Structures are given as structure tokens and as C-alpha cells.
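Here is a friendly briefing to read alongside the model.

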There are 2 protein chains.
Amino acid sequence: MGKLLIVGTVAFDAIETPFGKTDKILGGAATFIGLAASYFKADAAIVSVVGEDFPASYLQLFREKGIDISGLEVVQGAKTFFWKGRYQNDLNRRDTLATELNVLADFRPVVPQAYRDADLLMLGNLHPDIQLSVIRQMGKRPKLIVLDTMNYWMNHTWDSLMEVIREIDVIVINDEEARQLSGEYSLVKAATMIGAMGPAYVVIKKGENGALLFHEDRIFFAPALPLEDIFDPTGAGDSFAGGFAGYLAETENISFGNLKNAVIHGSNLASFCVERFGTERLLDLKQKEIDSRLEQFSELTQFDIEMK
Amino acid sequence: MGKLLIVGTVAFDAIETPFGKTDKILGGAATFIGLAASYFKADAAIVSVVGEDFPASYLQLFREKGIDISGLEVVQGAKTFFWKGRYQNDLNRRDTLATELNVLADFRPVVPQAYRDADLLMLGNLHPDIQLSVIRQMGKRPKLIVLDTMNYWMNHTWDSLMEVIREIDVIVINDEEARQLSGEYSLVKAATMIGAMGPAYVVIKKGENGALLFHEDRIFFAPALPLEDIFDPTGAGDSFAGGFAGYLAETENISFGNLKNAVIHGSNLASFCVERFGTERLLDLKQKEIDSRLEQFSELTQFDIEMK
């Protein structure tokens, strides 16, 4: 069992999908990552920031999930980061209706002493300078640093982004982001180009079309589980990252073969996430449900052709 | 080794992609299906129609590939079916620039006596009444009837289409077609709905995002092979169908497990097709290339998680 340090947003989300809408509910990258990772035997901690409007019940929720929140700063007299979005009918596109940075605007993460020797560092989508400052705080170099980022930082903070990308081992981004980051349309070429920027592993998420793992000249693909209904895609990518990182922290094995398994576990957690609004489905998963769905992933993809 | 009867268009295509354009080259659904199937040990025949402008060298090509063309009618004084299309930059959309039905307008297929006992009948995309007339000509019911169709027939000949769909075992269509046919956006729901129309197996092709096989409550997924470059998608779907049907005709095993393998073989042949214009890449594949890429499909998808 390894130590997993998660850095990212803890937020309020307000979500509209064709199936309904929510008031402010629990959201944020670190939240989804942490909840997904909590289903693995890892010593996980979140470094993030919230305002005084953040309910104590949510803090308690993290604790109950065994997630250390000594690095979750609560800023008095300030408000929690808030995002409001609306999904279009096919759920593949969403419009941001509101973004209120609030406490996030001045976020200066401080890594608790007890996690400066974390085995695995999961950097959720944030300003690359903040991601870098976390890497700099680590007392020893984590065995694996995983990074998420987004188009916004490519457009506005390219040099900082390149600096952090040089220092990490695994980048986890979506297809659109991979295309923008590399300037290549072909995802195979994009992964090669991004790998040359630093990370030994490139994971490209394609939403309902699965995820690709690239390492040297090897490629692994995990489909998304075909579901009758997708209710709310919010947090699916972060749940993927959380399952991926949580499994690697539990197994402490960073071989290509085990990273393949981690991609399957990430896809598995993401498949639950999209079944309800926000974090709802990730709050009380049973181990049996997780195992049974893992079996479905196996049935979905494993075949037995006699090779010549 | 089984008998495989293929019914579909043999045509001239003129193709424009961002990478170049062709004059009239060999195309048509039955052509791609037949060429892909020719890499399997099956006794394959094509039933189709061409005009007197169809070059003898193309006829010779089919014969050299071991494809029986006694059912390929050559109509004197008439011209071969012609399609001209242009792909947009991302290759995911294409515009039809010209469609000249020519001999296809009066096509009345006649199944050669020697193939009225075919084990496997592959009905390429055609007017459903023509597809039905072929089924009616079979002396005995084939072990497996596979059908392709398209949106056009859903819009214009719904009742005939329903009649043929009731009589077949496997429908092979793309995601957009599955959604239109079923009225369901979710592909899982769409497959259930389409299965209720008749076919025991529903295959939904998602282009570069792979293919799904549905049977009762079981689902199998095969990714498309991630390629550095896709040159020309024309015929990829038909190459998939040809690899699928060719493998089943060779193995004469229509279990779910073997249909999974057939989906992989179909994806494999399609991965070659898109590497060159039209049929070019399918003309001289080496068995070694096919086997090596099959190995890639295995590495791409197979994992080894210890199930609890």
C-alpha cells in the first residue's frame, strides 16, 4: 500500500443535463479523484482549498472515505470555487454557464509533511505553476507523477505547462487536448509528440470511446463500458484518473502491464461516475459491484484467436 | 471451408481526401467484401452487375483472388455504377459529389446454382427488395445471413427493410444507422431494439472508434487499430464485413466466441483498407502482415487483472 497525494480542486458544481439539474453539489477534480481512489488500498491525501461556505458534512465525507484532508485549506471569509455547466442533448458537449474562482484565485498549496514522501503524486488540472510548486515541495521524488491539464493552460501558460510536463511520468488528457498540445490530429502521432515533451506514458481519454495508453512503441486500449444510459458525464475523467492512480498506489507496480490494468480500473470507476449526478454514485460503491463490472470489462474485450 | 455468397455493388469510385484524389478506380461494397474475404479459406462468390465499361483486368483480378464471378452480370450497352465523394479534413465526414446508378437501376440478381447452398450469405448494402430476392433464391437456408444497410433505405423503403431484417441473423451497421433504425441514442438500447426486429446478433461499427457485437445480454468490443495515418476510409466498413464473413466461412463456427474473433478479423482487414486509396492495400496483403497485425490487436486489448 503506497501513499497517494492528490492535488486539485474541491468545488461546488451546478449541473444541467437533459435529464435534470442540480443546485450546488460537491464537485472538483480532487474530489472525484479522491473518491475513486478511495476504493483502493492506498493512503490517500488531498491538497486543495475551499471557502467557509464549504459544509462540514463534506469534510466529514472525505474523512469517512479514509482520505487525509490535513492539506485541505479552509479560507475564512471566502467562498468555494464554483462551476456551473449545461450539457447538450448528446452529452458530448457542454457549455460553461458560470465559473467563480473564489478561493482558487489565490490558492498556494502546502503539502503536509506526512505526504512529502508520497509514492504517487496525482496532479489534477490546475495552473501549471501550482502543479510545479507541489512537485518542488516533495521531499523525495515520487515513484510516479501523473498530470492532468486542459486547453486553457495551453493557450495561456504554455511555457509553464512545458516545464511541468517535462517533470512528470504520466499525462492523462482527452483527445481534443492531446491534439491541441501536439498539433497532430492522429492520436498515435500526438502521443509520440507528447511523449517527446517528457512523460514516459501518455494516456488519451476519448470519453464514451474509451482510453488509450501509449508507452514507447506500445499501445493499450480500454473501451468505456457500454451503458444503457449516461446520466451526467461530470467528473468521469477525474474518476478515471482516481481509479488509475488509486490502483497504482495500491499495487506499487509501475510496469506497463500494471499500467494497462490501471487504465481498466480507471475506466471501471468512470463507468459508475456517469450513472448519477456528480459524485453521487461514487459515494457508496460496493466492492462486489466494482468486481462484477471488472468482470464485464474482461468479457467485453478478451478474445481467444489462435495465432499462427 | 464453407461457401460464402456475397451480394452487393461492384462499382467505380472517384475519391478526394485531404491527401489526394483519384480518377475512377475499382470500388463497391461487394468488391471490398470479396477482397477482404479472399484472405480466408472460403469458397467465395460475388453476385453483382457491371456495365461494358468495366475493365476485363478487374474481372481477372477477382478470379486471381479465387472469387467466383459467375454471378457477376456484365450488361452490354450500359455503364457501371459510379460514386464520387470528397472527405472533409478529419476524414469523419464525406460529401457525395455524384451518384450514377447506371446498371444498378435495373439490377435483378441471379444466384448461380452452385451457390444456392451457400453456408454464409453476406448481403451488402442494396435495396432491401433485392436483398430479399436473394434470400428467396437460396435452395437451403444459409447457416448465417449477414446484412448491411443504410439510412437511405430506412427513409424510403422501411417496410421492405423490416421484412429483410426479420429474416437475417447478423446486422452490421454503423452507429448513426443504428440510432436511426432504433430511434435510440444509446447504442446499448439501440442494439436491444434492433435485436427485437429479428437478428440474433447486432454489430455496430463506430469507425475509428471500433465496433460492438451484441448478442442477448452479451457485449463484445473491438477497437479500431490506432494508426499513424488514415489515408482513405472508403470501403473500411465493407472490408470489416468481408473479414468478418470470410473468417466465419472459413471456420464454420457461429458461436458467440467465434463471432468475437470474426469482429477482430473484420477490424484487422479494415485497418489495412484505410492505409491506401480504395482497394489498393487489399490487393496484395501478405499472410504475415495479417498475422502480425492480429498480434497487435491482441497486445492492444488483452490485459491480466486478477479477479477477486
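B:E252 counts as partly exposed because its relative accessibility is 38%; buried means under 20% relative accessible area, exposed over 50%, and partly exposed in between, with a 1.4 Å probe and protein chains only. This is a predicted model, in which local features need pLDDT of at least 70 and side-chain atom pairs count only at pLDDT 80 or more, while totals for chains, interfaces and linings use all residues. Residues are numbered from 1 along each chain as its sequence is written, chains are lettered from A and ligands numbered from 1 in the order in which they are written, and side-chain values use heavy atoms, with hydrogens and water left out.

**Salt bridges within the chains**

- The side chain of B:E252 meets that of B:K143 in a salt bridge (3.3 Å, N to O), a term for a side-chain nitrogen of Lys or Arg within 4 Å of a carboxyl oxygen of Asp or Glu.
- The pair lies 109 residues apart, with B:E252 in the loop between α8 (236–251) and α9 of chain B and B:K143 in the loop between α3 (128–137) and β10 (144–147) of chain B. Helices (H or I, at least four residues) and strands (E, at least two) are DSSP runs, numbered from the N terminus.
- B:K143 is partly exposed too, with a relative accessible area of 46%.
- B:R293 and B:E275 form a salt bridge through their side chains (2.8 Å, N to O). This pair joins helix α10 of chain B, where B:R293 sits, to the loop between α9 and α10 of chain B, where B:E275 sits, 18 residues apart.
- B:R293 is buried, at 10% relative accessibility, and B:E275 is buried with a relative accessible area of 18%.
- B:E289 pairs with B:R281 in a salt bridge (3.0 Å, N to O); B:E289 is partly exposed at 27% relative accessibility, whereas B:R281 is buried with a relative accessible area of 13%.
- In chain A, a network of salt bridges links A:E275, A:R281, A:E289 and A:R293.
- Over all chains, a search of the whole structure finds 24 salt bridges.

**Where chain B meets chain A**

- 37 residues of chain B are in contact with 37 residues of chain A, contact meaning heavy atoms within 4.5 Å.
- About 3500 Å² is buried between the two chains, with carbon and sulfur atoms giving 55% of the area; this is the accessible area (1.4 Å probe) that two parts lose on being put together, summed over both.
- The rule finds two salt bridges across this interface. B:D229 and A:K189 meet in a salt bridge through their side chains (2.9 Å, N to O).
- α7 (187–195), β14 (218–222), α9 (256–273) and α10 (287–301) of chain B each supply at least two residues of the side touching chain A. α10(B) gives the most, with nine residues.

**B:Y87 and its surroundings**

- B:Y87 is placed in strand β7 (residues 82–87) of chain B and is buried, at 7% relative accessibility.
- Not counting residues up to four places away in sequence, B:Y87 touches residues including B:I15, B:P18, B:R93 and B:D232.

**Nonpolar core**

- Among the 227 residues of the largest nonpolar core, A:L5, A:L181, B:L5 and B:L181 touch the most other members. Such a core is a set of buried Ala, Val, Leu, Ile, Met, Phe, Trp, Tyr and Cys residues joined through side-chain atoms within 4.5 Å.
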